Structures are given as C-alpha cells and as structure tokens.
Amino acid sequence: MSNQYDVIVIGGGPGGYVAAIRCAQLGLKTACVEEWINKQQKPALGGTCLNVGCIPSKALLESSERYEEITHTNAGHGITVTGLEIDVPTMIARKDKIVGQLTSGVAQLFQANGITWLQGRGKLLANKQVEVKGHDGAVNTYSANNIIIATGSVPIELPIARWLDTRIVDSTGALDWEAVPKRLGVIGAGVIGLEMGSVWRRLGADVVVLEAMPDFLAAADRDVAKAAQTQFKKQGLDIRLNSKVSKVDVTDAGIVISYQDAEGEKTLTVDNLIVAVGRKANTAGAIDPASGVAVDERGRVVVDDHCATGVAGIYAIGDCVKGPMLAHKASEEGVTVAERIAGQKPHLNYDAIPWVIYTHPEIAWVGKTEQDLKAAGTEYNVGTFSFAVNGRAKAMDQDNGMIKVLADAKTDRILGVHIVGPMASELIAQGAIAIETESTAEDLARMTFAHPSLSESMHEAMLAVGGRAIHGVNRKRK
Ligand code: FAD
Ligand code: NAD
C-alpha cells in the first residue's frame with residue numbers, strides 16, 4: 001500500500017468523514033485518520049456527534065420524553081397507566097445500540113467508497129506529511145497533496161470542578177449513568193446543560209442549572225428565549241441565572257457548590273454534577289508548528305472564509321475552526337472543501353445554518369435575531385404566530401410556543417426565523433430554505449400549507465409580517 005494520497009483527512013467526525021466521502025466520490029484517493037476508541041473498546045468512526053454527542057443525546061431525550069408523556073400528559077387523553085417502571089440500563093443500552101449501528105454504518109460507507117481508514121492518532125508534519133501512531137504503537141508516515149484537519153472539539157474542564165469518576169462529569173459522563181441521580185447540578189445553561197438537564201429531570205432528578213450570564217440563551221432571539229424559559233420553569237427545571245460558581249467541594253453529604261448571585265453567597269448540594277460550560281478546539285499535539293499551519297489563542301486552526309489555512313493545500317473544518325460548533329456546519333464545510341480540492345467553486349451560506357435545541361418545547365432558529373437587526377440598524381418587520389391556535393398543535397397536546405419571522409422592511413426578504421414549540425427542529429428547515437433561496441415573507445405567505453399541520457403556523461407568521469394573519473392578532477412592529 002502506497003503511503004501517498006490525494007487527500008488525507010485528520011479526524012472522522014461529521015466534518016471529517018463527510019469530507020472523506022465527498023473526496024472519494026470526486027475520484028480522489030483518500031485516507032482518514034481516526035483515533036476514537038468506543039465504549040466497547042473498539043476503534044470507531046463518527047466522532048463526537050455519533051459516539052457521544054448529537055445522536056446518543058437525542059436517543060435519551062426521546063426515551064425520557066416518552067416517559068414524561070406517560071407520567072404527566074396522558075390522563076387528559078383518557079389514557080391512564082398503572083405499574084409504570086423505568087429501566088435506565090435498558091434506555092442506555094438502546095442508546096448504545098443506535099450509536100453502534102450508525103458508527104459501523106460510517107465504516108461501511110468508507111469501504112463502499114474505497115476510503116482508507118488509518119486507525120490511530122494523526123499529527124500534521126511539515127511538507128504535507130501526516131504521522132500516524134496506531135493503537136498498537138506502530139508509527140507510520142503518509143503524505144498527501146491535500147490535507148483536511150477535522151479534529152473537532154473537547155469539553156472545557158473547570159479548574160474548580162475537575163472531572164471525578166461518575167460524580168462530576170462532562171456530557172459524555174451524563175450519557176452513561178445507569179441510575180437517575182437524586183439531586184443533579186449543572187454548571188452552564190447552554191445547549192448541553194438544557195438538553196442533558198431535561199433528560200434527567202424528566203426521569204425524576206431534581207435539577208438545578210447554574211448559569212453565569214444574566215441573560216438566558218443569549219444567542220437566541222429574546223422573545224423565543226423568554227418563552228422557552230417560562231416553559232422550563234413550569235416543568236421544574238430550576239435555572240438560576242447570574243450565578244457565578246466559586247468553589248466545588250466533594251463531601252460526605254454530596255457535592256457542595258458555592259456560588260454568588262445578585263443576593264449574595266449561596267451553596268447548593270447535589271449528588272452528581274454536569275459541567276457544560278462550552279467546548280474547545282481539539283488541536284493540542286495534532287499540528288507540528290513546522291507544518292506552517294497557524295492556531296489562534298483558543299486553539300482553533302486559523303482559516304479563511306473557504307476553510308483554507310495559510311498553507312496551500314491544507315484546510316480545516318468543523319469544531320476546530322471558527323463558527324458554531326454544529327455537526328451540520330462541520331459536514332457542509334467538509335463537502336465544500338472536498339469540492340474545492342477537486343477544482344469546483346462551491347459556496348456555503350453561513351447565514352442559513354439552523355440551530356436547534358432539542359428540549360421540550362424544542363427551540364430552533366436560523367438567520368438574524370431581532371437584537372442582531374437592531375444592533376445593525378436594519379429596518380425590519382416582524383410576524384409572529386402562536387401554536388396555541390394551531391389545530392394540529394392542539395390535537396398533539398403541544399400548543400405552547402410560537403414562530404417569529406423577521407423580514408427586511410424595504411425588500412421583505414426573510415432575515416430570521418425563530419421557533420419555540422413542537423417539531424421546531426423540522427419546521428426550521430422551511431426558514432433555512434427561505435433564507436437560502438432569498439425568499440420574501442410574501443413568497444411564503446402566498447403558498448398553500450397542508451391543514452391541519454404545524455407548518456400552518458409558519459404560513460400565518462409569514463402572513464403576519466404583512467399584517468394579514470388570518471387566525472391571529474396582527475401586530476406589525478418595527
Ligand atoms: P468531532 O465530531 O469532534 O470529530 C473529530 C474527530 O477527530 C473525533 O472522532 C476525534 O477522535 C478525531 N481526532 C481528533 N484529533 C485526532 C488526531 N490527532 N488523530 C486522529 N483522530 C483525531 N451538534 C448538532 O449539530 N446537533 C446536535 O444535536 C448536537 N448535539 C450534541 C450533543 C452533545 C452532548 C455534544 C457534546 C455535542 C453535540 N453537538 C451537536 C455538536 C457536534 O457533536 C459537533 O459540532 C460535531 O461533532 C463537530 O464535528 P467535527 O467533525 O468537527 O468534530
Ligand atoms: P454552550 O456554549 O452552549 O453553553 C455554555 C454555557 O455555560 C453558557 O451559557 C455560558 O455562559 C455558561 N458558562 C460558562 N462558564 C460558566 C461558569 N463558570 N459558570 C456558569 N456558567 C458558565 O456550551 P455547551 O452547552 O457546553 O455546548 C458546547 C457546544 O456543543 C455548543 O457550542 C453547541 O454548539 C454544541 N452542542 C450543540 C447541540 C445542538 O445543536 N442541539 C447540543 C449540544 C451541544
């Protein structure tokens with residue numbers, strides 16, 4: 001086997017494996033270096049997303065939501081259940097099975113596309129060479145005309161709350177508890193804090209989330225964040241904003257967290273603690289400075305708007321570069337880089353990348369928030385529509401939430417779509433398509449949406465931009 005490739009991808013997560021597949025489709029001789037060893041102690045592809053991120057978290061969110069539905073909401077439907085039991089190990093095993101199916105599916109795709117999987121840890125050297133240290137300790141060096149760095153990210157550890165067996169954990173640890181913690185603390189009310197906090201609250205834990213910032217979900221549109229916060233409070237998810245953690249002590253009584261809020265010093269005692277204060281680029285030790293590739297003060301590979309580093313033929317994508325840490329962003333960057341290597345001129349519209357938080361209700365958005373538009377001095381119109389008067393949402397017993405559309409006041413072009421409510425993760429694709437195709441609110445207002453469907457709320461929000469929603473109050477705002 002020759003050690004020379006057209007492309008070597010370092011990292012086999014949703015950025016790297018997708019890039020590798022697209023390179024192979026385009027006729028490039030491709031290898032992907034991946035070091036992941038899974039729970040079963042086997043090498044695995046799929047990265048954070050498939051192994052310990054997007055997929056396992058959604059599997060547990062689904063199981064826990066079903067449990068909560070049975071315990072909390074079915075009585076109104078005339079359905080009562082007695083003798084209900086919860087079997088957490090089975091829940092975890094189901095999650096692990098899904099992970100196994102999807103990660104081995106990626107290995108099959110590699111085989112089908114003729115991609116070489118170099119198992120072990122890769123390091124980028126000078127002159128587009130990659131050293132790979134195999135799991136057996138053997139070291140080999142490979143070279144390529146093009147290299148894609150896709151090494152992803154790792155959780156940030158707080159010096160005051162170091163990882164401690166199954167008690168003080170990151171998101172990975174919180175995906176593997178085999179029993180429901182009685183008292184659970186979470187540091188960070190970001191995406192992971194909310195998703196994992198929701199899983200364990202639904203299963204019966206008393207969950208307190210401590211967030212340092214005064215605003216809830218600062219990146220989301222304020223109206224949507226406020227509506228979501230109200231729902232979480234009703235559910236009993238205790239989110240304490242403006243709470244700065246100063247100390248974490250492990251005692252016989254539990255984990256004692258000292259924090260300061262507007263009222264002064266407080267303590268909280270829990271049995272388990274999830275630290276979810278963000279993730280950082282995973283580039284330490286993976287890039288020899290002799291390669292010429294620059295890394296910023298946060299460990300991210302420095303790239304231009306086409307994911308090119310300063311060294312010709314070397315690119316970086318996904319969580320290890322600037323931009324949101326999202327699997328679909330990583331994958332689309334992988335596709336565009338592969339096509340650029342093959343001589344094409346692809347384009348990725350960063351303004352049309354959707355965000356989804358898979359809580360209940362789900363939160364999703366794409367494009368600009370109202371606060372973004374205000375800060376930029378852009379004139380806009382707003383259309384909102386509540387799920388409370390959507391027939392399908394009522395039938396589903398999920399009529400909390402709303403859709404909010406922001407459109408340019410002069411051109412009517414859709415600039416942002418924000419959803420809190422049922423199936424927001426699916427509905428947001430309509431907003432992404434609208435932004436990508438430069439549609440106006442009028443364009444969508446003129447379309448026919450199936451009745452009864454949740455999408456009718458999207459239609460009505462688009463109508464509301466022009467002050468003509470049929471089933472709602474039209475409040476045209478600027
Ligand atoms: P990664 O998935 O981190 O993959 C990088 C890969 O590179 C890893 O497999 C690693 O082993 C390998 N690697 C690193 N260094 C080397 C090296 N030197 N040699 C060989 N291999 C190496 N995003 C969403 O869009 N939707 C979600 O619902 C979602 N849920 C999430 C839930 C959780 C709990 C977490 C933690 C994250 C979630 N994310 C979600 C974020 C998502 O997982 C990441 O944005 C995504 O995985 C980034 O893809 P990537 O390919 O850049 O990096
Ligand atoms: P995050 O950036 O979403 O949230 C971290 C939160 O912790 C922030 O609100 C921050 O203000 C707070 N924080 C930071 N330091 C703190 C401290 N010392 N005390 C209290 N609060 C503190 O990060 P995350 O939740 O760890 O998730 C990491 C990344 O993973 C996210 O950027 C996201 O892109 C990705 N992710 C995405 C999804 C999804 O798309 N559904 C799900 C999970 C994770």
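I began with Trp 355, which is partly exposed at a relative accessible area of 25%, on a scale where buried means under 20%, exposed over 50% and partly exposed in between, with a 1.4 Å probe and protein chains only. Trp 365, by contrast, counts as buried at 7% relative accessibility.

Before going on I noted that this is a predicted model, in which local features need pLDDT of at least 70 and side-chain atom pairs count only at pLDDT 80 or more, while totals for chains, interfaces and linings use all residues. Residues are numbered from 1 along each chain as its sequence is written, chains are lettered from A and ligands numbered from 1 in the order in which they are written, and side-chain values use heavy atoms, with hydrogens and water left out.

**Aromatic rings.** I found four aromatic pairs in the structure, where rings of Phe, Tyr and Trp (its six-membered ring) pair if their centres lie within 6.5 Å, and planes under 30 degrees apart count as stacked, over 60 as edge-to-face and the rest as tilted. The rings of Phe 216 and Phe 232 are edge-to-face because their planes stand at 80 degrees, with the centres 6.1 Å apart. Phe 216 lies in the loop between strand E10 (206–210) and helix H7 (222–235) and Phe 232 in H7, so the pair ties together parts that are 16 residues apart in sequence; helices (H or I, at least four residues) and strands (E, at least two) are DSSP runs, numbered from the N terminus. Both Phe 216 and Phe 232 are buried.

**Cores.** For a nonpolar core I took a set of buried Ala, Val, Leu, Ile, Met, Phe, Trp, Tyr and Cys residues joined through side-chain atoms within 4.5 Å. The largest has 38 residues, of which Trp 200, Phe 216, Ile 274 and Ile 363 touch the most other members. Elements that give two or more residues to this core include helix H3 (54–73), helix H4 (88–112) and helix H6 (191–202). Apart from it I noted another core, of 29 residues, among them Val 356, Val 405, Ala 432 and Phe 449.

**Helix packing.** The axes of H3 and H4 come within 9 Å and cross at roughly 145 degrees, the axes being lines fitted to C-alpha atoms, for helices over the stretch in contact, with angles from 0 to 180 degrees between N-to-C directions. Among the residues that make the contact are Ile 55 and Leu 60 of H3 and Ile 98 and Leu 102 of H4, contact meaning heavy atoms within 4.5 Å.

Asn 74 is found in the loop between H3 and H4 and counts as buried at 15% relative accessibility. Leaving aside neighbours within four places in sequence, Asn 74 is in contact with Glu 69 and Ile 79. Helix H1 (residues 16–25) is mostly covered, with nine of its ten residues buried, and H1 is followed by Gly 27, whose phi is positive, near 85 degrees.
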